[in-house]
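This report describes how the parts of one chain pack together. Please look over the sequence and the structure before reading on.

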Amino acid sequence: MTRRLVAALLVPVTWSPPGVDLTAWRAALAEDVVDLLARLAQAEAAIAATSADLTLAEEIAWPGMRLYEVPTATFLPVLSAAAADGFDQAAVIAADAPDVPGMILGKLLRPLENKAVAVAPGGPGNGLLGLATSLPAPPWLTDHDLDSASAQVLRRGAPSPGDVSSTPEWRRLRGPAELASLDPALEGWDNTRALLGG
């Protein structure tokens with residue numbers, strides 16, 4: 001049985017809707033992502049955070065959920081921690097996509113049967129929603145934060161461009177354009193919804 005980990009990485013959040021406190025907004029986004037991960041049937045959930053964000057991680061973690069303190073908010077330290085814990089595959093997800101469907105995360109893990117790395121774009125100009133790989137991570141995989149990474153950037157270091165598979169994108173909530181695309185009919189994202197008054 002393949003042991004899979006999906007970790008929410010507490011990434012910087014620099015924008016919040018008018019009238020919404022940035023700290024509360026960031027916490028709501030992250031908590032909604034963590035709540036989704038905790039319900040995944042095919043993977044264990046974790047939160048990865050730098051020392052500055054450990055308090056937030058502890059506040060939003062479910063009982064017994066793994067917490068990884070990482071030196072930088074980038075994906076390689078998270079993958080290394082997951083490998084050290086004996087996982088066979090791991091995905092790192094940006095904690096600012098509160099309404100991401102579980103199906104998107106499943107599609108991120110699926111290519112690992114025959115691809116070294118899979119990435120899900122985070123929408124136009126928003127880097128990656130997430131990255132997944134078998135463990136240990138391939139030695140050619142260079143470390144990046146999710147804001148600046150892209151399939152194209154990662155393919156530059158790969159032995160073959162086909163080693164990095166792109167999966168369906170899901171936008172991260174990083175500005176007014178993404179906020180306007182939230183679908184109230186979608187289930188979940190309860191904490192974000194509450195802050196928006198819905």
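Contact here means heavy atoms within 4.5 Å. Helices (H or I, at least four residues) and strands (E, at least two) are DSSP runs, numbered from the N terminus. This is a predicted model, in which local features need pLDDT of at least 70 and side-chain atom pairs count only at pLDDT 80 or more, while totals for chains, interfaces and linings use all residues. Residues are numbered from 1 along each chain as its sequence is written, and side-chain values use heavy atoms, with hydrogens and water left out.

A residue is called buried under 20% relative accessible area, exposed over 50% and partly exposed in between (1.4 Å probe, protein chains only). In helix H4 (residues 102-109), the buried residues are Ile104, Leu105, Leu108 and Leu109. Viewed down the axis of H4, they fall within an arc of 140 degrees, so they line one face of the helix; the arc is that of the directions from the helix axis to the C-beta atoms. These buried residues pack against strand S1 (4-9), helix H1 (22-38), strand S4 (89-94), strand S5 (117-121) and strand S6 (128-134).

Helix H3 (residues 75-84) buries Phe75, Pro77, Val78, Leu79 and Ala82. Their packing partners are S1, strand S2 (44-49), strand S3 (66-69), S4, S6 and helix H5 (151-155). Just after H3, Gly86 has a positive phi of about 90 degrees.

In S1, 5 of the 6 residues are buried. Two strands pair if DSSP finds at least two bridges between them.

| Strands | Sense | Bridges |
|---|---|---|
| S1 and S4 | parallel | 6 bridges |
| S1 and S2 | parallel | 5 bridges |

Leu5 stands opposite Ala90 in S4, and its bridge partner in S2 is Glu44.

**Nonpolar cores**

A nonpolar core is a set of buried Ala, Val, Leu, Ile, Met, Phe, Trp, Tyr and Cys residues joined through side-chain atoms within 4.5 Å. The largest has 33 residues, of which Leu10, Val100 and Leu129 touch the most other members. Two or more residues of this core come from each of S1, H1, S2, helix H2 (54-60), S4, H4, S5 and S6. H1 gives the most, with 6 residues. Leaving aside neighbours within four places in sequence, Leu10 is in contact with residues including Arg26, Ile47, Asp53, Leu56 and Ala95. A second, separate core of 30 residues includes Leu9, Val92, Leu131 and Trp140.
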